[in-house]
Structures are given as C-alpha cells and as structure tokens.
Amino acid sequence: MPTHTQTYTWLVTGTSRGIGLEIVKLLVASPVNTVFAACRNPSSATSLKTLKYAATTKGTLHLIKMDVTDEASVQQARDEVEDILDGQGLDYLFNNAGVAVKDDRPSTMNADDLTSTILANVVGPALVTRTFIPLIERSQRKVIANVSTALASIGTDYGPQHLSYSISKIALNMLTYKQVKERPDLCAVLVDPGWVKTDMGGSAATLEASESAAGMVRVVIGVTPEDTGKFIDYTGKEIPW
Ligand SMILES: NC(=O)c1ccc[n+]([C@@H]2O[C@H](COP(=O)([O-])OP(=O)(O)OC[C@H]3O[C@@H](n4cnc5c(N)ncnc54)[C@H](OP(=O)(O)O)[C@@H]3O)[C@@H](O)[C@H]2O)c1
C-alpha cells in the first residue's frame with residue numbers, strides 16, 4: 001500500500017537569530033516541512049546555515065535573502081520561492097522579522113526611531129504579505145501569522161514606555177484586521193511570543209526562544225478558519241485588542 005504523507009510549506013521572515021531562528025529549527029526537525037528561511041544576509045547567518053547540514057534537520061531548508069523593508073528584495077525573494085515551489089502553494093507565512101528601539105516614551109521619542117520601527121514592523125509585513133499572496137492562494141491552509149506583542153494591547157495597561165514599538169505593533173494589528181476584512185478566505189492571525197530571551201527581549205525575559213517558538217508553532221499549526229482575526233499568545237490564550 002502506498003503511504004501518503006501530507007507535507008507543508010513555510011516562509012518565516014527574520015530567521016538569522018532569535019525567535020525566527022528557533023521557529024526554523026523546530027520546523028525543519030520534521031520531514032513533513034519545507035521551510036523558506038528568509039533573512040537579510042544569508043551569508044553571515046551562521047546558525048541558520050549550520051542548520052542546513054545538522055543531523056536534527058529532517059525537513060527541507062531553503063535560505064532566502066530578503067529585507068522586508070525593501071520592495072525589490074521582497075519581490076526577488078518571492079520569485080525565488082515561486083521557482084522552488086514549482087506550482088505548489090505556500091501553506092504558512094510567518095511574519096516574524098521585527099525591530100525595537102530602546103525604551104522610548106511620548107516625551108523622549110524621536111522621529112527617526114518611530115519611522116524606522118514602523119517601516120520594519122508594519123510596512124515590512126504589509127509588503128511581504130501582499131507580494132506572497134499569489135503563492136498562499138495556491139495552498140489549502142492559507143495561514144498568515146503576524147508576530148505582534150502584548151505591548152500592542154490597548155486593553156492591557158502597559159504604561160507610557162515602548163512608544164515606537166507599541167505604535168508599530170498596534171498598526172500591525174490593524175493591518176491584520178484589514179487583511180481579514182479584505183480576504184476572509186485566508187486565515188490571518190496575530191501571535192504574541194511572550195517575553196523572550198533574545199537580543200530584543202534581553203536576558204531578564206521569562207521565556208527561552210525555543211519555548212516561545214514551540215508554543216507559537218503549535219498555535220499556528222492549530223489555527224482554523226474560525227480563528228482568523230484573533231490575537232493569540234504562544235500558549236493559545238486570546239489577548240484583548
Ligand atoms: N523578544 C521578545 O520578548 C518579543 C516579545 C514580543 C514580540 N516579539 C516579536 O517577535 C519577533 C522576533 O523578535 P526577536 O526577539 O527574535 O528579535 P531579535 O532577536 O532582535 O531578531 C529580530 C530578527 O528580525 C530580523 N530583521 C529585522 N529587521 C529586518 C528587516 N528589515 N528585514 C529582514 N529581517 C529583519 C533580524 O535580522 P538581522 O539579524 O539581519 O538584524 C533578526 O533576524 C519580532 O517581530 C518582535 O517584535 C519579541
């Protein structure tokens with residue numbers, strides 16, 4: 001009897017380090033996954049490159065060069081992924097790449113920090129999703145996971161700090177809302193990784209990147225069409241908008 005195993009295709013952005021790297025590590029440990037790991041500089045992404053030949057890697061890993069803020073780079077990445085997919089669809093898009101400036105507030109913010117944060121955290125995922133939609137449309141799953149943060153929850157009081165970052169992620173939440181309104185046939189969700197020990201989260205954070213990545217992947221794999229538009233944390237708990 002022939003065995004038929006379902007396989008899945010993933011694009012993850014911002015995979016040179018931190019949570020993105022851990023998501024890729026986890027996904028490629030399974031033979032059912034083909035992962036497009038996008039990063040700005042694949043040549044210097046040492047940990048990511050090592051994964052390609054690691055004994056734990058059972059799936060397929062493709063390193064893709066992509067700066068999410070650069071439209072030409074996003075387009076070039078899409079062409080590359082489309083060629084490799086050869087007619088197959090993209091099942092999961094993980095918009096993980098992001099930046100955070102050090103703690104700023106209404107009284108200390110500056111225009112450059114706010115602008116560059118919005119560029120990376122909002123314009124980036126907006127461009128990536130728009131550009132990859134034709135590949136997502138060819139899949140059965142059609143899942144878009146936008147990595148947000150509890151700091152973007154107006155319904156939770158986090159005080160005046162992290163101004164640029166919070167504004168940018170609230171705008172990402174609104175982007176997701178608009179994506180859901182325009183394309184209810186896709187499944188777009190917001191995922192909060194928790195407070196994670198990475199360059200961004202710092203060493204005082206409560207979660208290891210591997211733990212957060214495992215939770216987010218579990219949540220994203222479990223997403224159903226009924227979940228579209230939800231803001232969910234890495235444990236699967238809904239977060240107030
Ligand atoms: N850590 C936390 O506690 C925490 C909490 C809530 C939400 N998040 C979110 O989780 C995601 C991952 O964060 P992290 O903690 O893993 O951060 P990180 O360790 O600082 O890593 C950020 C990743 O994003 C990439 N990146 C930044 N700008 C990019 C661009 N223009 N194009 C492509 N890649 C770009 C970086 O690539 P380079 O190496 O090229 O710079 C790096 O791979 C972010 O969206 C962040 O906002 C994190």
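**Helix packing and pockets in the predicted model**

The model is predicted, with local features requiring pLDDT of at least 70 and side-chain atom pairs counted only at pLDDT 80 or more, whereas totals for chains, interfaces and linings use all residues. Residues are numbered from 1 along each chain as its sequence is written, and side-chain values use heavy atoms, with hydrogens and water left out.

The axes of α4 and α5 lie 8 Å apart and form an angle of about 20° (axes are lines fitted to C-alpha atoms over the stretch in contact, and angles run from 0 to 180 degrees between N-to-C directions). α4 is therefore roughly parallel to α5 (angles under 35 degrees). Helices here are DSSP runs of H or I with at least four residues, and strands are runs of E with at least two, numbered from the N terminus. On the α4 side, the contact (heavy atoms within 4.5 Å) comprises D113, L114, T117, I118, N121, V122, P125, A126 and T129, which meet S164, Y165, I167, S168, K169, A171, L172, L175 and Q179 of α5. By class, the residues of this contact are 10 nonpolar, 6 polar and 2 charged (Ala, Val, Leu, Ile, Met, Phe, Trp, Tyr, Cys and Pro count as nonpolar, Asp, Glu, Lys and Arg as charged, and the others, Gly among them, as polar).

Helix α4 (residues 111–137) also packs with helix α3 (residues 71–85), at an angle of about 25° and with the axes 10 Å apart. α3 is thus roughly parallel to α4, and the crossing of α3 with α4 is right-handed. In this contact, E71, V74, Q75, A77, R78, V81, E82 and L85 of α3 meet L127, V128, R130, T131, F132, P134 and L135 of α4. The contact of α3 with α4 contains 9 nonpolar, 2 polar and 4 charged residues.

A further pair is formed by α1 and helix α6 (residues 209–221), whose axes are 8 Å apart at an angle of about 60°. α1 passes α6 in a right-handed crossing. Contributing residues are G18, I19, E22, I23, L26 and L27 from α1, and A209, S210, S212, A213, A214, M216 and V217 from α6. Of the residues in the contact of α1 with α6, 9 are nonpolar, 3 polar and 1 charged.

A pocket is an open set of points on a 1 Å grid over the protein atoms alone where a 1.4 Å probe fits, with protein on both sides within 12 Å along at least five of seven lines; lining residues have an atom within 4 Å of a point. Grid points are joined across faces, edges and corners, and a volume is the space filled by probe spheres set on the points. Its lining has 50 residues, with G98, V99, A100, Y165 and M200 nearest the centre of the largest pocket. At least two lining residues come from each of α1 (18–28), β2 (33–39) and α5 (163–182), and α1 gives the most, with 3 residues. The lining of the largest pocket divides into 22 nonpolar, 17 polar and 11 charged residues.

The second largest pocket holds about 200 Å³ of space. Its lining comprises 14 residues, of which L151, I154, G159, S166 and I170 lie nearest the centre. The lining of the second largest pocket has 7 nonpolar, 6 polar and 1 charged residues.

How values were computed:
Angles under 35 degrees count as roughly parallel, over 145 as roughly antiparallel, 65 to 115 as roughly perpendicular and the rest as oblique. A crossing is left-handed if the near helix is turned anticlockwise from the far one by less than a right angle, and right-handed if clockwise.
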